[in-house]
Amino acid sequence: MSQNATRPRLACEITPDGVIAARASEKMSRVEVFTNRRLAPGTLAPGLNNPNVLDARSLRTAIASALAAVSGKTRDVIVIVPDVAIRVLLLDFESLPTKPEEAAPVIRFRLKKSLPFDVDQAVLSYETTRGNGSVRVVAAISPRSIIEEYEAAFRDVGYSPGALLPSSLAALGLVEGDRPTLMLKVDATNITITVAEHQELRLIRILDNPHGADVSAAELAEAVLPSIVFFEDTFGAKIENIYIGGIAPLQEVGPLLHQHTGTHVRELSPELSPEQNLSGENIRASAMAAIVGALLG
């Protein structure tokens, strides 16, 4: 949501299960170190309509411990939150003022009828792409109280949130996105599907995942295929790359999606070494996608 001109070298992702923190090298070319801390069940309940942080002390303890292990003297941090804590929408306008103070009210007015919270009091961030006589807007919006919950958790332990991103948008930093590319990111509560083309976000959908870690490959394929059909019908282009991240069973869902699309399916997993991991426990590379995408993408 909020952005600084200089990208912080620290990033920290908050999930319902835990906190992951990492530090990039000075030249932002690689991740130097990373670690994680687990959260007790019930610490976090991500969403747009109710408080997200249910156990503030537990969350602050985990954030402070994880960041202390990797931060050094750095205090500015990119904060990555669950996708369902921020609503991302794609909007098309025939025209839109170039000045932010004039464009933001127009975007808010468009969003009022489609969101279940007070848009005028919400935190809004957006990017525009202008061309062919129209303006495409990628808007990220969330109730101010929810953004403040996450930011306060960092400020209270001595860190400054310099940017705040939903997990899937952060993970897109790993995807080149020149050719039509779909990313499927699955966590214990949600399934997020994004499509990028020509370095632009074309589609984003967030679906409930009622089966959590037990979600089957068939269920995931059934969730993804309508988005593929929609993209190909709308934009007249074929999905050429599919990346899978999070807890999705790649070995099972990959062949299913390949069978339906003919597209090569790969894991969304940055290259990391055990020497960079300070946690003392195994962290799946795909769980690091959002952190690395935010730092290096």
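In helix α7, the residues A289, A290, I291, V292, G293, A294 and L295 are buried, where buried means under 20% relative accessible area, exposed means over 50% and partly exposed lies in between, judged with a 1.4 Å probe and protein chains only. Because 7 of the 8 residues of α7 (residues 289-296) are buried, this helix is largely enclosed by the rest of the structure. The cover over its buried residues includes strands β1 (10-14), β2 (18-24), β3 (31-38), β4 (76-81) and β8 (160-166), together with helix α4 (167-171).

This is a predicted model, in which local features need pLDDT of at least 70 and side-chain atom pairs count only at pLDDT 80 or more, while totals for chains, interfaces and linings use all residues. Residues are numbered from 1 along each chain as its sequence is written, and side-chain values use heavy atoms, with hydrogens and water left out.

The protein holds 7 helices and 13 strands; these are DSSP runs numbered from the N terminus, helices being H or I of at least four residues and strands E of at least two. Some values for the whole protein are gathered here.

| Property | Value |
|---|---|
| Span of the C-alpha trace along its principal axes | about 50 × 50 × 40 Å |
| Buried share of the 297 residues | 52% |
| Accessible surface (Shrake-Rupley method, 1.4 Å probe) | about 14,000 Å² |
| Carbon and sulfur share of that surface | 48% |

The radius of gyration of the protein is 19 Å, which agrees with the value near 19 Å that a compact globule of 297 residues would have; the radius is taken over C-alpha atoms, and the globule rule is 2.2 Å times the number of residues to the power 0.38.

Helices α5 (residues 217-235) and α6 (residues 250-261) pack at an angle of about 35 degrees, with their axes 9 Å apart. Axes are lines fitted to C-alpha atoms, for helices over the stretch in contact, and angles run from 0 to 180 degrees between N-to-C directions. In this pair, residues of α5 including L220, V224 and I228 meet residues of α6 including V253, L256 and L257, contact meaning heavy atoms within 4.5 Å. The residues of this contact divide into 10 nonpolar, 2 polar and 1 charged.

Finally, Y243 is found in strand β12 (residues 241-246) and is buried, with a relative accessible area of 19%. Although R266 is 23 residues apart from Y243 along the chain, their C-alpha atoms are separated by 4.9 Å. Leaving aside neighbours within four places in sequence, Y243 is in contact with residues including V175, L182, L184, R266 and L268.

Definitions and conventions
Nonpolar A, V, L, I, M, F, W, Y, C, P; charged D, E, K, R; others polar.
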